[in-house]
Amino acid sequence: MNTVRRAAVLGSPIAHSLSPVLHRAAYAELGLDHWSYDRFEVDEAGLPGFIEGLDSSWAGLSLTMPLKRAIIPLLDEITDTAASVEAVNTFVLTEDGRRTGDNTDIPGMIAALRERGVDKVESAAILGAGATASSALAALAEICTGSVTAYVRSAARADEMRGWGERLGVDVRIADWATAAEALHAPLVIATTPAGTTDALAADVPAAPGTLFDVLYEPWPTELASRWSSTGAPVVGGLDLLVHQAVLQVERMTGLDAPVAAMRVAGEAALAAREV
């Protein structure tokens, strides 16, 4: 009889997380009938108590906002990838009880781009300067050979992006959000802003753009992604990122190769059901 194994996603708010759909699809495809994956509403104040309550049946956790930094002091070790952006989205409880932290958002971004044929770019643009933008910069540190222009709204955000650039070894140049339409001419554009923020830019998409990576998955497509797709140029979406970061989480927690296709189909079906 197989020993029960548990995993879950934590965050606040958490009700709309697609992680249970993706991980459960992986378990079903892999025949891991003794594995379960749940969601728990946990904020920063409740995180230490939740972690202390984990027993040996737990394999790991997925962490979303606002817990990606709050988890770090509770860990025994974190990977270099997670340390590079001071954010952990993957908690693994090892057989000997050690608490380890990793960040699969960054390699997930790289994998999603590679799936669309983007392995290297000479330059790139980032729309926005929040937490996802720092992960985007870390991904670009691996695939971009030239400068990255960040389009931001405030001096404080500009300073943050410069700081991340220095830390990650990326040549970051700052531009005012008012000129964001210029970003659309970059070989790779990564939009990291909340829903609706880039809608006004859709009319400025050039006739032959490069690749767009819009990290949103709901609503989808965004107006910018829809206009971009109409040119025939490659578009990478938030579901692509969500699937690839979850693939890596499944592999870290189970030790098995994750079924990318089955996880993507499950995610697409769940999003389609929400639209009904």
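This is a predicted model: local features need pLDDT of at least 70, side-chain atom pairs count only at pLDDT 80 or more; totals for chains, interfaces and linings use all residues.
Visitor: Why are strands β1 and β2 said to pair?

Guide: Two strands pair if DSSP finds at least two bridges between them. Strand β1 (residues 5–11) and strand β2 (residues 35–41) have seven bridges in the parallel sense, so they meet that rule. As an example, V9 stands opposite R39 in β2.

Visitor: Which strand partners does β3 (58–63) have?

Guide: Five bridges join β1 to β3, and these run parallel. In β3, S62 is the bridge partner of V9. Three bridges join β3 to β5, and those two strands run antiparallel, with L61 opposite F91 in β5.

Visitor: Why is β3 called largely enclosed?

Guide: A residue is buried when its relative accessible area is under 20%. Six of the six residues of β3 are buried, so the rest of the structure largely encloses this strand.

Visitor: How do you know that both faces of strand β6 (residues 99–102) are covered?

Guide: In a regular strand, side chains alternate between the two faces of the sheet. In β6, R99 and G101 lie on one side, T100 and D102 lie on the other, and all are buried.

Visitor: What makes β5 and β6 antiparallel partners, and what lies between them?

Guide: Four bridges join strand β5 (residues 90–93) to β6, and the two run antiparallel. The strands form a hairpin with five residues between them, and G97 in the turn has a positive phi of about 90°. Strand β4 (residues 77–78) also pairs with β6, in the parallel sense over two bridges, with I78 opposite G101.

Visitor: Which residues does F213 touch?

Guide: Leaving aside residues up to four places away in sequence, F213 touches M109, A112, L113, V189, I190, A191, V236, G237 and L241.

Visitor: Which residues of α4 are buried, and what do they pack against?

Guide: The buried residues of α4 are D105, I106, G108, M109, I110, A112 and L113. Their packing partners include α3 (80–85), α5 and α8 (238–254). G117 follows α4 and has a positive phi, near 85°.

Visitor: What volume does the largest pocket have, and which residues are closest to its centre?

Guide: The largest pocket has a volume of about 1200 Å³. Of its 44 lining residues, T64, M65, K68, T132 and Y217 are the closest to its centre.

Visitor: Which element gives the most to the lining of the largest pocket?

Guide: That is α8, with five residues. The elements that supply at least two lining residues each include β3, α4 and α6.

How values were computed: Residues are numbered from 1 along each chain as its sequence is written. Side-chain values use heavy atoms; hydrogens and water are left out. Contact means heavy atoms within 4.5 Å. Buried means under 20% relative accessible area, exposed over 50%, partly exposed in between (1.4 Å probe, protein chains only). On a 1 Å grid over the protein atoms alone, a cavity is a set of points where a 1.4 Å probe fits but cannot get out, and a pocket is an open set with protein on both sides within 12 Å along at least five of seven lines; lining residues have an atom within 4 Å of a point. Grid points are joined across faces, edges and corners, and a volume is the space filled by probe spheres set on the points.
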